[in-house]
Amino acid sequence: MYHIHCLNKIAAVGTNRLGENYELTDKIDSADAVLVRSASMHETEFPNSLLAIARAGAGVNNIPIDRCSEAGIVVFNTPGANANAVKELVVAALLLSSRKVIDSVEWAKTLKGKGDEVGKLVEKGKSQFAGPEIAGKTLGVIGLGAIGVLVANAAAALGMTVYGYDPFLSVDGAWGLSRAIHHAHTLDEIFSCDYITVHVPLTPDTKDLISKDSFAKMHDGVRILNFARGGLVNSADMLEALASGKVAAYATDFPSDDLIDVPGVLAIPHLGASTPESEDNCACMAADQVRDYLENGNICNSVNMPAISMPRDGSDRICIIHKNVPNTISLLAGVMGGAGVNIENMQSKSRKDYAYTIVDVTGGDVGAAVQKLSDVPAIIRVRVIPG
């Protein structure tokens, strides 16, 4: 029986996929895995039983990744599960940032009680909310992952001329991209567009990607959308750009105190993935990933361990998380041989400082082999999944 602890409410459509060999527990003390959405785990004490943490969403800034890696805890996320939800909100923001819809609705509320005058007042006052159509305009998409590809394709379908920039474009991303999307070779090409939308993770390299230096390369009246991470845009520089007219509108899903109630800023309270469909998709993907790891040792969509998937053949499976240092594989094989254990199949992959090895074995003394492996300094965690 596997024990799963949910730190947040996880959609039942996901947890129901775990099956009869799983039990939800309200305590983390003996949990085999944790499902989490937004709850912070930085102060959480992890029990020795904990094998995996699955974030029902893409960002993992609420999880102490380094500490998990050191403890041999695999951390999963669910990239793409909320992609359509975010895409739809970005498309809405394209329109809202152009046509000043929010400001006009708020102004219309002030006409309450004017009776028969409302019609004339509307016609007289509507010109202050005029804005351009998006058809025929250029859109620059920075980052062509699951969300960026959907945004680019949707914008092209709405009549925009779309340029996409991603030096790390995946094969899946390339296959999903419409032929109408133009390949931008540099960020400067993106910065020349009428609209710019950012869809990259927040890293030391991408922090303040949109800032004073990049504004200098944009034309006056550019409209910028940020539905990825707040730190991608330098707020102080953005406020200056809005005041000067360099930026006509800034739509963000990450409000901060300095951006709220500022003319030209559409501050949305992090609604990108706030749809029942997205929550269901994330829950299902997180549950499936945890189940495959616990039952088969396979890893997919981990942020701290390499991806490995190996079919089961009925043998006992030994799963080993270890440091990525030389001679570890030959040491593993030596220990197996010394215990009379026969290696039927094996896969090993590394990711930066860590590696993961799956070994299907038959015969010999598996328990003795596991004990010896656990004593090796380079090995962080060993577990056996019976055949």
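Trainee: Let's take E6. Which residues point one way from E6, and which the other way?

Mentor: Thr-138, Gly-140 and Ile-142 point one way, while Leu-139 and Val-141 point the other way. Keep in mind that this is a predicted model.

Trainee: Which strands does E6 pair with, then?

Mentor: E6 is joined by five bridges to strand E7, residues 161-165, and the two run parallel. Strand E9, residues 195-198, also runs parallel to E6, with four bridges between them.

Trainee: How does the chain get from E6 to E7? What unit do they make?

Mentor: With helix H6, residues 146-157, E6 and E7 make a right-handed β-α-β unit.

Trainee: OK, zooming out. How many strands are in that sheet, and in what order?

Mentor: Seven, in an open sheet ordered E8-E7-E6-E9-E10-E11-E12, with parallel pairing.

Trainee: Which strands stand at the edges?

Mentor: Strand E8 (182-183) and strand E12 (265-267). Each has a single partner strand, so one side of each has no neighbour in the sheet.

Trainee: What holds E8 to E7?

Mentor: Two bridges join them, and they run parallel. To find the spot, look for Gly-164, which stands opposite His-183 in E8.

Trainee: I keep seeing Ile-190 around there. Where is Ile-190 found?

Mentor: Ile-190 belongs to helix H8, residues 187-191.

Trainee: What else is Ile-190 in contact with?

Mentor: Setting aside neighbours within four places in sequence, its contacts include Gly-140, Val-141 and Ile-142, which are residues of E6. Tyr-163, Gly-164 and Ile-196 are also among the contacts of Ile-190.

Trainee: Why does Ile-190 count as buried?

Mentor: Its relative accessible area is 0%, and the cut-off for buried is under 20%.

Trainee: New topic: what about Ser-278?

Mentor: Ser-278 sits in helix H11, residues 276-296, and counts as buried at 3% relative accessibility. Beyond its neighbours within four places in sequence, Ser-278 is in contact with Ala-81, Asn-82, Ala-85 and Ala-273.

Trainee: Last one: what are the overall numbers for the chain?

Mentor: The protein chain has 13 helices and 16 strands, and its C-alpha trace spans about 90 × 45 × 35 Å along the principal axes. Of its 387 residues, 46% count as buried. The accessible surface comes to about 18,900 Å², and 52% of that belongs to carbon and sulfur atoms.

Trainee: And how many of the contacts link residues 24 or more positions apart?

Mentor: Such pairs account for 62% of the contacts with a separation of 6 or more.

Conventions
Residues are numbered from 1 along each chain as its sequence is written. This is a predicted model: local features need pLDDT of at least 70, side-chain atom pairs count only at pLDDT 80 or more; totals for chains, interfaces and linings use all residues. Side-chain values use heavy atoms; hydrogens and water are left out. Buried means under 20% relative accessible area, exposed over 50%, partly exposed in between (1.4 Å probe, protein chains only). Contact means heavy atoms within 4.5 Å. Two strands pair if DSSP finds at least two bridges between them. A crossover is right-handed if, with the strands pointing away from the viewer, the path from the first strand over the helix to the second runs clockwise. Accessible areas come from the Shrake-Rupley method with a 1.4 Å probe; for residues, only the protein chains shown count as cover.
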